[in-house]
Amino acid sequence: MKIRVNRDVLAEAVAWAARILPSRPVVPVLSGLLLEAGEELTVSAFDYDVSARAAIDADVAEEGRVLIPGRLLAEISRSLPADDVEIVTEGAEAVLTCGSAEFGLITMPVEDFPTLPTMPPSIGAIGGGVFASAVGQVAPAASRDDTLPMLTGIRVDIEGESVAMAATDRYRIAARDFAWRPAAPGVAVSAMVPARVLVEVAKSLRGGEVSIAMGDGVAGFESVGRSTTVRLLDEQFIDYRARLTSDWSIRADVAVAPFVGAIKRVALVAERNTAIRLSFSQGQVLIQAGGGDIGRGAEVVPCELRGDDIQIAFQSQFLLDGLTGIESDLARINMESPTRPALIQDVPGDAEPAFRYLVMSLRQT
């Protein structure tokens, strides 16, 4: 193999593919990045659950395939001088030359690298901005505890032109509905996609559309020369929609930016796992925290309250995750009592709010 490629283009593609490399691979070849030179250069990674493939332009003098230690290649690529990179395979070495810098990297047996999964059939597409926004709103509610895999995923329900995403870690539920463009009318699919994979896909978007594929227990995402496949989780999930519906007796509308800023300031004196206390009354909400060994903080923010005055408490980061998911200037906090969960949503207009976030309250002492 002999190719020449732009340094920045190579470094970006290698870094993107290397993000899925396992820290403790089951077999050594899974720590490698597969470079394949044909009409273009593709950089691929695979850990049996997730695959990543980036296609980039390159001047290909000799076609070929080579497997190079991935993390080392990523570190070298981003540290090279600003010049074109030439990669030539010579026996068991891949020689990288860039300006006056040269690296000879010992390659890995390419024949031992597993075959990447085939991309399933595309079932539709969505604008990258909408996709990234929806994932960013829902993913914070997914659990990081792998002992319950169901809770580490994002539930995706597709029916016709509508998509619903939801995640929960048992302490909060985040849900987002949006429209998309199905490949065929009447498409109906439900799947549990690992949240970490959707987050990485959303981070890597550079505009355009995201093509979504489903089939044979695998989901696929393609956008601007980059594709990811992931093995789906068990489809078991809670009936989250029923939990997001209630006759809320109290609701408070508050400007998001001042509210978030005040919570972050007051939380500076909150000890780990202690509550942020919110006291809603006519025209204002008093935010309080602390009172232990560190100190205490309080701040007042204007709000419009309908219903009785109420004092309720939340874990600060859980509360912030919900509020930062709001895309409008105002957030509505729906409540029933200090001991019941609260629902955070956009202030609705004529349509139902697209984003809803249910968060458990904490017992106050």
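## Contacts and overall fold

Two residues are in contact when heavy atoms of theirs lie within 4.5 Å. By this criterion, 65% of the contacts in the chain with a separation of 6 or more involve residues 24 or more positions apart. The model is predicted.

Seven helices and 27 strands make up the secondary structure of the chain. Along the principal axes, the C-alpha atoms occupy a box of roughly 75 × 55 × 35 Å. Of the 365 residues in the chain, 50% are buried.

## Surface and charge

The chain has an accessible surface of about 17,500 Å², and carbon and sulfur atoms contribute 48% of this area. There are 33 positive and 49 negative side chains, the centres of the two sets being 7 Å apart.

A patch of negative charge on the surface is formed by Glu39, Glu40, Asp57, Asp59, Glu63, Asp83 and Asp84. Within this group, Glu40 is located in the loop between β2 (32-37) and β3 (41-46). The relative accessible area of Glu40 is 34%, so this residue is classed as partly exposed.

## The setting of Gln345

Gln345 belongs to strand β26, which spans residues 342-346. Because its relative accessible area is 9%, under the 20% cut-off, Gln345 is classed as buried.

When residues up to four places away in sequence are left out, Gln345 touches Ile326, Ala331, Arg332, Asn334, Pro353, Phe355 and Arg356. Pro121 is 224 residues from Gln345 in sequence, and their C-alpha atoms are 35 Å apart in space.

Conventions
Residues are numbered from 1 along each chain as its sequence is written. This is a predicted model: local features need pLDDT of at least 70, side-chain atom pairs count only at pLDDT 80 or more; totals for chains, interfaces and linings use all residues. Side-chain values use heavy atoms; hydrogens and water are left out. Helices (H or I, at least four residues) and strands (E, at least two) are DSSP runs, numbered from the N terminus. Buried means under 20% relative accessible area, exposed over 50%, partly exposed in between (1.4 Å probe, protein chains only). Accessible areas come from the Shrake-Rupley method with a 1.4 Å probe; for residues, only the protein chains shown count as cover. Lys and Arg count as positive and Asp and Glu as negative; His and the chain ends are not counted. The place of a charge is taken as NZ of Lys, CZ of Arg, CG of Asp or CD of Glu. Patches are made of residues with over 30% relative accessible area and no salt bridge: like charges are joined within 9 Å, nonpolar side chains (Val, Leu, Ile, Met, Phe, Trp, Tyr) within 5 Å. A salt bridge is a side-chain nitrogen of Lys or Arg within 4 Å of a carboxyl oxygen of Asp or Glu.
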